[in-house]
Amino acid sequence: MSCPILAGCGDPPLPPFEPPSESQYSTEKLEVASDFPAELCSGNLALMDAQLRWLEQEAGRELREPTWLMMYPDDATIDACLDLESEPVAGCWDAPVVHTTWGAASHELGHAYAHPVRARPLNLLQEGLAEATEGTVHGRMRGSREKLGDYLFEPVGTNTTVYEAAGHFVRWLLEEYGMTTTLEMYARTRPGMSEAELSAVCEDVLGVAREGLLAGYVTDAKDYYPGVGPFACGQGAEALEWHEDGVSWEGEMSCDDGHSIGRYLANGEVEFWRRWRVEVPVTAMYEVTTSADGGAMTRCLTTPIDEASLPAMVDGLEHDWWGFGPLYRPPGIGTQVPLFQAPILLEAGVYDFWIAERTDEHLLGEYPPASIMYVEAHGARRFASLRA
Ligand SMILES: [Zn+2]
């Protein structure tokens, strides 16, 4: 029997590649099909493509093939993932195809990107890398980090606590050692390896034994790390430049404008979301308003920070203010700050602002009317005419 040229003689032959269906949308890095009749918007495609190009740039390693992705509506039960997981999940990487809802897309693309590096590394690193690069903030208090050593060799399964631990640990690795070195660790681990074997890899790649690495993590890691990549707060969104007392935007959201993101609901409805990065120059009272059906804002964490140094929350807000939730999944109205809560005290810093328009006319090619969003110093009258 002859050996295939590209696979080693001892490796099992690669299964023939079967795409999920006909590709409906192609980008530079993706072939995409969807499980719903509505058009998948250019903003969704652009952001997913940007995620893969960002990973390539961080790692200095290009993908040779386009990544195949099947998109499902929010809250769909993805049958293709049920073979891999014991319970319904928002997305899965079933090599060579990403099956996902919008909310899990950036996480699953992380798996797809890292797959050629090693198909089966230590599970904690595998999930940790996908978590760390999906764009959310990662928080882990001192006192809950000591358990990481216990989790290292375990399958992560669907245990949220272990996902959070894995995400925070790998986000710390990325901050301390960078993507290339983190991926080298990833490439040299495997399920079932012994503590001594892992220790040798740590020394080789990071210059510190396993115990030293974990001890350093427990004492040195910050409580919170900002999200990274184009899905993260303050990154990958259009910037609105501040002029005098504020910023404003007025326009029509449509599926092909390159920015608006479609959110596809299980009942067939579609919402359009658009987000902007806004740098608020001074701490003051502001009015934030939109004519759209809804909106929200998130303050972007821009540097690693400990709990004690975290600036105070605006009264009545939950910790989601910082984008701990999956920011890339447009926040539900009320899960973050409703834009109609005005005036509001905003500290100087970077924010993401979102507006949403709901439509059930999308399939007919009809779009919502023009929307307006503004952020303005309280008492300034520049946008007063928009308030009518
Ligand atoms: Zn995962």
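Author: P96 sits in the loop between β4 (91-94) and β5 (97-101); strands are DSSP runs of E, at least two residues long, numbered from the N terminus. This is a predicted model, in which local features need pLDDT of at least 70, side-chain atom pairs count only at pLDDT 80 or more, and totals for chains, interfaces and linings use all residues. Residues are numbered from 1 along each chain as its sequence is written.

Reader: Is the peptide bond from A95 to P96 cis or trans?

Author: Most peptide bonds are trans. The bond from A95 to P96 has omega near 5°, and is cis.

Reader: Is E244 buried, partly exposed or exposed?

Author: A residue is buried if 20 or more other C-beta atoms, placed from the backbone, lie within 10 Å of its own, exposed if 12 or fewer, and partly exposed in between. E244 lies in the loop between β8 (238-240) and β9. Because 9 other C-beta atoms lie within 10 Å, E244 is exposed.

Reader: Which residue of β16 is the bridge partner of E250?

Author: Two strands pair if DSSP finds at least two bridges between them. Strand β9 (residues 246-251) pairs with β16 in the antiparallel sense over six bridges. In β16, the partner of E250 is I372.

Reader: How many of the seven residues of strand β16 are buried?

Author: Strand β16 (residues 371-377) is largely enclosed by the rest of the structure. Strand β12 (residues 284-290) is also joined to β16, antiparallel, by five bridges. The number of buried residues in β16 is five.

Key:
Helix = DSSP H or I, 4+ residues; strand = E, 2+ residues; numbered from the N terminus.
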